[in-house]
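These are my notebook entries on one structure. I record what I looked up, entry by entry.

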Amino acid sequence: MLPDSLTQGQYDTVYNLLSLVIASQLFTALFLVISQPRVLARYRQALVVSAVVCGIAAYHYFRIFSSFKEAYVSDAVGGQGVYTQAVGRSFNEGYRYVDWLLTVPLLLVELVVVLTLARKLQASLLRRLIPAAALMIALGYPGEISSDNPTRHLFGLLSTVPFLYILYVLFVELTRSLDRQPAAVRRTVSRMRILLVATWGVYPIAYLVPLLGFDGADAWVGKQAGYSVADILAKALYGLLIFRIARMKSFADDPAFGAVEGSHEEARESLTAAPVEAVRVKN
């Protein structure tokens, strides 16, 4: 539940974290757009999707930031002191779920698209991953906004089912399709899957905070901090890893492009892995 008041330190913590997320998402999106020419054309779609994800997140964090500033006000001179909940105002947690409903499926799209898998395999993976991701978020929202613990338990359990299915597809089904990828790409994809699991794990922990008996302003601030840090890692950092995969695959596909565009280290790493790509799946 939304705390009635926040100390100056608690207010500043949430305020600064929300500002950090906005900057991270906005400038990562800008970087990904500007960096389009640094990869081959076939991989630019993945960068566009990554930029869209970060752009959506930046927009919603602007809304979250505004909602937070409107929800808590201080009567002290200069805005210092205890911040109390403004009359008729409330912090809108729903912005996060709207953001996740759009961005979580797109995060999975990024990963599948950048690998340039065979068209049928790519379509098969997306048909399973996108609905599962949307269902996971949609089922979590009723529990998030409920103050009734049994309701939170029920919808938390229901949203776990599509989450486990997504993990199965990522760690079992997708692994079978990585044989033709360069070794460096396989390693990066493995790290990305671990990153997704680690960052997505923050969300259920924050979701369970009220069920674990933690409440009050400190618990609420901790939840906002967890969501914010997880969103930076799962979107901005993830997008930069997508860019890295696109670069490596570009250099492996076209050594001449790699020699001109890439650093010596990047080109050497990709060229070493290039023989793995000798027989590329046609799209």
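**Entry 1: a loop residue, T116**

I began with T116, which is found in the loop between α3 and α4. Helices (H or I, at least four residues) and strands (E, at least two) are DSSP runs, numbered from the N terminus. I noted that T116 has a positive phi of about 45° although it is not a glycine. Most residues other than glycine have a negative phi. Is T116 buried or exposed? At 11% relative accessibility, T116 counts as buried; buried means under 20% relative accessible area, exposed over 50%, and partly exposed in between (1.4 Å probe, protein chains only).

**Entry 2: conventions**

I worked on a predicted model, in which local features need pLDDT of at least 70 and side-chain atom pairs count only at pLDDT 80 or more, while totals for chains, interfaces and linings use all residues. Residues are numbered from 1 along each chain as its sequence is written, and side-chain values use heavy atoms, with hydrogens and water left out.

**Entry 3: the chain as a whole**

I looked up the secondary structure and found ten helices and three strands in the protein chain. Along the sequence, the pattern reads β-α-α-β-β-α-α-α-α-α-α-α-α. The protein chain has 283 residues, of which 50% count as buried. I then turned to contacts, where contact means heavy atoms within 4.5 Å. Among contacts between residues at least 6 apart in sequence, 78% join residues at least 24 apart.

**Entry 4: α3 against α4**

I next examined the two helices on either side of the T116 loop. The axes of α3 (residues 94–114) and α4 (residues 119–144) come within 9 Å and cross at roughly 160°. Axes are lines fitted to C-alpha atoms, for helices over the stretch in contact, and angles run from 0 to 180 degrees between N-to-C directions. The two helices α3 and α4 are therefore roughly antiparallel to each other; the cut-offs are under 35 degrees for roughly parallel, over 145 for roughly antiparallel, 65 to 115 for roughly perpendicular, and oblique for the rest. The crossing of α3 past α4 is right-handed. A crossing is left-handed if the near helix is turned anticlockwise from the far one by less than a right angle, and right-handed if clockwise.

Which residues make the contact? On the α3 side they include Y97, W100, L101 and V104, and on the α4 side they include L125, L129, A133 and G140. By class, I recorded 18 nonpolar, three polar and one charged residues in the contact of α3 with α4. Here Ala, Val, Leu, Ile, Met, Phe, Trp, Tyr, Cys and Pro count as nonpolar, Asp, Glu, Lys and Arg as charged, and the others, Gly among them, as polar.

I checked G140, which lies in α4 and counts as buried at 5% relative accessibility. G140 and Y97 are 43 residues apart along the chain, and their C-alpha atoms are separated by 8.6 Å.

**Entry 5: other partners of α3**

I found that α2 and α3 pack at an angle of about 165°, with their axes 9 Å apart. That makes α2 roughly antiparallel to α3. Their crossing is left-handed. The contact of α2 with α3 has 16 nonpolar, five polar and four charged residues.

In α2 I looked up S50, which is buried at a relative accessible area of 1%. Leaving out residues up to four places away in sequence, S50 touches L32, E110, G239 and I242.

For α3 and α6, the axes come within 12 Å and cross at roughly 170°. That makes α3 roughly antiparallel to α6. V104, L107, L108 and L111 in α3 meet V189, M192, L196 and W200 in α6. I counted this contact by class as eight nonpolar, no polar and no charged residues.

**Entry 6: nonpolar cores**

A nonpolar core is a set of buried Ala, Val, Leu, Ile, Met, Phe, Trp, Tyr and Cys residues joined through side-chain atoms within 4.5 Å. The largest has 56 residues, and those with the most contacts inside it are I166 and W200. The elements giving two or more residues to this core include α3, α4 and α8 (216–253). With eleven residues, α8 gives the most to this core. I166 touches L108, L129, A132, A133, M136 and W200, not counting residues up to four places away in sequence.
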